[in-house]
Structure formats: structure tokens, C-alpha cells
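Look at the model below and follow the chain with the text beside you.

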Amino acid sequence: MSTEPASIDSLRVLHQSDDFIVVDKHWDIRIDSKLWYVKQTVQMQLQHHFPHLADPSTYYGFRFCHQLDFSTSGALCVALNKAAAGRVYRCFKDRTVTKAYLSLLRGWVEQKTQTLDFSIGKNSTEGKTHMMCIEGTEGCENPKPCQTELTVLEYGLYDGDPATKVLLQPLTGRTHQLRVHCSAIGHPIVGDFTYSLGADNSPYRMMLHAHILHIPLEPQHLFVTAEDPFVPAVDPKWVPQRLLQTLAATVDALLEHRKTKENERVEGRRDEERRKQSKHQKIQEESEEQRRVCQEWLSERAGD
């Protein structure tokens, strides 16, 4: 990742197999677009680099498994066939996919770990219909529950102003969820032009990056990491001052927690299957007993 704008050639592949390509999406490019004046998208980059993998039966030629905002960079999964897309869809539907984002937030976030729990709805206020908002604010329509886990990694300065580097894990998948949740606690994402109402326009990009993507596919899980772009070597305006916990340790803890949850889900499914089998066996035993009693009764009547 660099501070240079995207180009048709600037496509970085993180993973490639017969079923999937995972790319490190650039920070100023749309995934796809029907607008005639949009000359550059991830779809166009894929078409340029992998024309032989495009599927003409789809509108865009490639099946994008999930979405990233125009200004968000990082791991983006693309299915190369219908069957693979269906497998990923089921994982997203069952909420077994783990995603974690790196971000720089304005100010110093005091609470080291927290769950951001704000319902989010569409903003119907004139001039803000392209935005989302939290429940209870003016013009918020049809808010739905959503949660984000926030972990503070590091305190520092961005272009001389206090900033906090955090890891964000969305537990739900609402539009603009991370951006709205961070704004709701008074720590908007650095460079978020939209949710600062145009005020935060000096950074070269919005500082939100899809760092981890884990999809529990069978027989082999898909796990990809997109390199941290928020380091002084890439952007000297970010000056770290105090490290609370390393990114590696935080990700390891997140994945261990995910593994525990996954084991609990598997054990839960096994318990449910055992309960069903036990119930079925009991019904069979009761049926056998009913047949035996019935046969005895018929035998007695025959004797009479």
C-alpha cells in the first residue's frame, strides 16, 4: 500500500486458488460501477490482469463476496465460480466470517477495549441521504441493531493532532457501520470526509483498512492478512508515541476467541443432533411398545 492514487496496474493479489482471488483493495477505488464516467474499478483491474478468469454470465465478470467502501482499503474476496460464491454466501449468512479492520481515530480513546452497540439506520435528512445515522438522531429511519468490538493498539499523533490506532471487529454488517460507530463515541476516523461533513479533508485518504479476513470454508479455511498501511514508513504524518499492545498479539487473541466460538458452535450442533437422535430413538421405542401392547390385546380377543 502507498500514498499514490490507484491505477489499472496497482492490483495486489494476497491469495489465489481455483475458486478465489483475494486482493488488497486500494484506498481510492470502487469495487464496480454502472456509471459510464467511472474509468477505474477493482473489476476493471481484475479484467485487465486476469481476463481469462472473468465469467461473461455475470454483470461485472467477477463475483465479489462482500463490499468495501470506496475509501476503505484491504482484503477483498472474489469468487471465481458460482459454487464457490455460494459457499462463501452461506458463511456470511451464518455470521461465521471473521473480519478485522485497522483504523486511525481522531483523539485518544480512553477505554482500551469496548463494544460499540448503536443501532444504525438510514439518514433521511435533506442533504444527508447518502449517510447512515444512529438510533435517536434526527432523521434516522429503520435503525437495526449492530455491534463493533474496539481494541486500542497505540496512541500517537497524526499531523500533530492526537490520534489512536485501533483494531475494529464488526460483529454485524451494516452499511458504514465502523465509520458511524466511531463517530458516535466522539472519535471519527481520520480522513473520513463524509462523516466529518467535509471538515476532515487534509489527509490523503480515510484511515480504514480491512486487515484480517477469515472465512471458515470446508475442507480448508480461507485466511488472509492485508499488510498494515498505517505506519510511518508509508505515511510519516502518523507518529506513534505509546504502544499498548502489538497488532500481532491482538490478532492472535481475536483468532483464538474465534476458534473457541467456532468450537462452541460445532459442539452445539453435535448436542442438537444427539438430542434429535435421542428423541427419535425414544419415539421408536414407544412405537414398539405400542405395537406389542396392541398385539397382546389382539391375541386376547382372538382367544375370546
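**Strands, core and rings**

Strand β7, residues 120-123, runs antiparallel to β9, and three bridges join the two. Helices (H or I, at least four residues) and strands (E, at least two) are DSSP runs, numbered from the N terminus. Two strands pair if DSSP finds at least two bridges between them. The model is predicted: local features need pLDDT of at least 70, side-chain atom pairs count only at pLDDT 80 or more, and totals for chains, interfaces and linings use all residues. Residues are numbered from 1 along each chain as its sequence is written, and side-chain values use heavy atoms, with hydrogens and water left out.

The open sheet has three strands in the order β8-β7-β9, with antiparallel pairing. β8 (132-134) and β9 (140-144) stand at the edges with a single partner strand each, so one side of each has no neighbour in the sheet. On average, neighbouring strands of this sheet are turned by 35° against each other, direction ignored. In general, strands of a sheet pair through backbone hydrogen bonds, either parallel or antiparallel.

Helix α3 (residues 177-184) lies across β7 and β8 and runs at about 40° to β8. For such angles, axes are lines fitted to C-alpha atoms, for helices over the stretch in contact, and angles run from 0 to 180 degrees between N-to-C directions; contact means heavy atoms within 4.5 Å. Is α3 enclosed or open? Six of its eight residues are buried, so α3 is largely enclosed by the rest of the structure. Buried means under 20% relative accessible area, exposed over 50%, and partly exposed in between (1.4 Å probe, protein chains only). The buried residues of α3 include Gln177, Arg179 and His181. Just after α3, Gly186 takes a positive phi of about 85°.Next come the nonpolar cores, which are sets of buried Ala, Val, Leu, Ile, Met, Phe, Trp, Tyr and Cys residues joined through side-chain atoms within 4.5 Å. The largest has 46 residues, and Leu46, Phe64, Leu150, Leu167 and Leu168 have the most contacts inside it. Leaving aside residues up to four places away in sequence, Phe64 touches Ile31, Asp32, Val42, Gln43, Leu46, Leu76, Cys77 and Val78. A second, separate core of 16 residues includes Val22, Cys77, Leu217 and Ala226.

How many disulfides are there? A disulfide is here a pair of cysteine sulfur atoms within 2.5 Å, and by this rule the count comes to zero. The sulfur of Cys133 has its closest cysteine sulfur in Cys140, 3.2 Å away, which is too far for a bond. Cys133 is buried, at 7% relative accessibility, and Cys140 is buried too, with a relative accessible area of 18%.

The whole structure holds three aromatic pairs. Rings of Phe, Tyr and Trp (its six-membered ring) pair if their centres lie within 6.5 Å; planes under 30 degrees apart count as stacked, over 60 as edge-to-face and the rest as tilted. Trp27 and Tyr204 form an edge-to-face pair, 5.1 Å centre to centre with 85° between the planes. This pair links distant parts of the chain, 177 residues apart: Trp27 is in the loop between β2 (20-25) and α1 (42-49), and Tyr204 in the loop between α3 and β12 (208-215). Trp27 is buried, with a relative accessible area of 8%, whereas Tyr204 is partly exposed at 24% relative accessibility. Tyr59 and Tyr60 form another edge-to-face pair, with 4.8 Å centre to centre and 75° between the planes. Tyr59 is exposed, at 65% relative accessible area, while Tyr60 counts as buried at 18% relative accessibility.
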